[in-house]
Each structure stands twice: as structure tokens, then as C-alpha cells.
Amino acid sequence: MTLLQSIDRLIENISITDKQEENIKSSVENITNTLEKDDTLHLKETFLNGSYERDTMIRPLDDIDIFVVLDESYWKDNFGVRRKPQSVLDKIKDFLNDQNDYKGKVRQDRPCVTVELSNKSFDILPTFEQMEGYLMPNYNLESWIPTYPKILTKNLKNAHRDYSYKLKDIIRVIKYWNKLNGKMIPSFHIEEVAIEIFKFKIFENFEKSIREWFDKAEGNLESNKFKSNTQYDDFKNKLNRTKTKLQNAKEYLDKDNQYEAKKIWKDVFGKEFPTVNEEEAKLFSKHLSEGTLKATSTGLLSTTLGKTMAASKGFYGEEIF
């Protein structure tokens, strides 16, 4: 299996299945129907957004965002001042925690209310309408800040189309890496950065594109999108270390040393990244040198099925005749 084939398998391993998607839809419907029963919330509408709605979600299932749009006229004090986010979050949290389906499964996770079910979690974000977007709780829960989720959805849809419908797969890989590293960067900002990096670019392959995201990301980061300056700085350090690793992998790849390149990618992307062990690599090199290595119709390497490949360089970069 080549590096590009392994990246394809990684994308497959981390993407949600059709069955999982149906399960999410059912749970979202139950939560929103429950919220609509509470007349004291003065709810105007709900809608899905975030990774699930934009089709960049990865396994395991979490951070499924449900935007709850409230009628602002009912959420002002006697002086006409909008109530602070904490009072709104308390109201939603207490109401859901009183429902049999969600009792003991509700907690606050700034700046939203999170419902933890057996195999997935939902983030309920209270908002108020404003021109072209919404107001959502600031992370400090002291104020409301603007957010434009529907604009991001539209921009990503267009960017995905313009990048040969490959951009969302690239984003999934970056989100998986982010999860492995403590989710330092907000999920939506990964998408924003990707839109900027690949604007007016032509897709060639996943290895180049993923490496390019790490190469160009720092120049497109917005520090105010992070929880703190410390987290922003920590993320840049992790980003640069990963960038160096992928550049080293590319050097091996340029020498046709697939095995060493894949070892680095395995180190970066963890257990969901498939790799071949050293003995299998040597076996493939032996069959390639003997002219008996084959490629299946789907592009996977095999010693038994498919079309015989011409002898060339081996997995370790040595010449084979």
C-alpha cells in the first residue's frame, strides 16, 4: 500500500458512516422537539451547523452543533439590556436536565450546553439574530459576540466545489490531527484556514494538500479565534513541529522510500493511519524485483491479484533490476 493509498484509507477510517448519520438526525430531532416544548425559552428557530452540517465531521461523534435562536425581546432586563450568556445557558441546561431522556447527561461547556449521549455529544448554542448573522456567547460568558455560521457553510461549499470536491476530506484529516493534539484550534477555524489556503488552487493529491495546509496555516491563523494567547502560541509550536515532520516524509517520498515516509505519517496521524510492517514492505519489494507484484483495479498492491507492475525502485529506495 502506497502513502497515497494509506491516506485514502485514513480518510475512510475517520469519516462517519451512513448509519451514524441517520442516528445523528434522529437524536437532533428529539433534542430540538424537546426544546420547542419549553415556552419560557421563547425559541424562534433551531438549525444544525458546524462539522456535521458542513459535512466535515469525523469519528468519534462529538461537537454536533445545534444553534438555538431566541427571541431577544424576552431576554432583556428591566432596563432593556440583553441578559448575560450565563443566565441563558442556565435556563437551557436546567430545562434539559429535568427531562427524562437527558437527566444526568447535560453539562455546560463554554460557551454552550452539551448533551452527552452514549456514543455522541451535542453542543447547544444559544443565539440572537443580528444583521447577516447571530450573536453567540463569548467564551468568558460576559458578553455576546457575532458569528456567521451560514456564511461559512456557503463559503466552504463553494471552495469544496472549486477544489475538485476534495477540500472536505482534507479538513477531516486536519480535524483528526487536531483531536489527537488536544483540540487546540477551533474546528471551524480549520475550515476557514483551508478555504484561504486552497483558494484558486488545483487539487493534485492528498499528500501535497495536507502538507500544504500545515505549511501555510500559520499565515492564515487569527489569534482571537483561540481561547487564549497561550493556546494560540502552543498551537503554532505544535503546527511547526508537524510541518517539519511532513517535510521530512516528503524527502523520503521523493526518494521512493514509501516505507519511511509512511512511518512518519503514522507518527503524526496515529492509530487510524494504516501502515505496513517492515516484513511486508520487504516482501513487496521482493515481488516487485521479481516482476510478480500486482496492482488491483482499486489501486491496492497485491502479490496475488491484479495487473503485474513493472520492476522499478523498491520500498526502501534502492534500485531493483
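Analyst: The expected span of a helix is 1.5 Å times one less than its number of residues. Helices are DSSP runs of H or I with at least four residues, and strands are runs of E with at least two, numbered from the N terminus. This is a predicted model, in which local features need pLDDT of at least 70 and side-chain atom pairs need 80 or more, while totals for chains, interfaces and linings use all residues. Residues count from 1 along each chain as its sequence is written, and side-chain values use heavy atoms, without hydrogens or water.

User: How do you know what span helix 1 should have, and what is found?

Analyst: Helix 1 has 12 residues, so at 1.5 Å a residue it should span 16 Å. Its end C-alpha atoms lie 17 Å apart, which agrees. Its buried residues (under 20% relative accessible area with a 1.4 Å probe, protein chains only; exposed is over 50%, partly exposed in between) are L3, Q5, S6, I7, L10, I11 and I14.

User: What makes strand 3 and strand 4 a pair?

Analyst: Pairing takes at least two DSSP bridges between the strands. Strand 3 (residues 106–109) and strand 4 (residues 112–116) have 4, and they run antiparallel.

User: How do you know where the buried residues of helix 5 lie around the axis?

Analyst: The buried residues are P149, L152, T153, L156, A159 and H160. They cover an arc of only 135° around the axis, so they share the same side of helix 5 (the arc is taken over directions from the helix axis to the C-beta atoms). An α-helix has 3.6 residues a turn, so residues three or four places apart point the same way. The face turned away from the buried side carries the exposed residues K154, K157 and D162. Just after helix 5, S164 takes a positive phi of about 60°.

User: What kind of aromatic pair do W177 and F235 form, and why?

Analyst: The structure holds 13 aromatic pairs (Phe, Tyr or six-membered Trp rings with centres within 6.5 Å; planes under 30 degrees apart are stacked, over 60 edge-to-face, the rest tilted). The ring centres of W177 and F235 are 5.9 Å apart and the planes meet at 70°, so this pair is edge-to-face. W177 belongs to helix 6 (residues 167–180) and F235 to helix 9 (residues 229–254), so the pair ties together parts 58 residues apart in sequence. W177 has 2% relative accessibility, so it counts as buried. F235 is buried too, at 0%.
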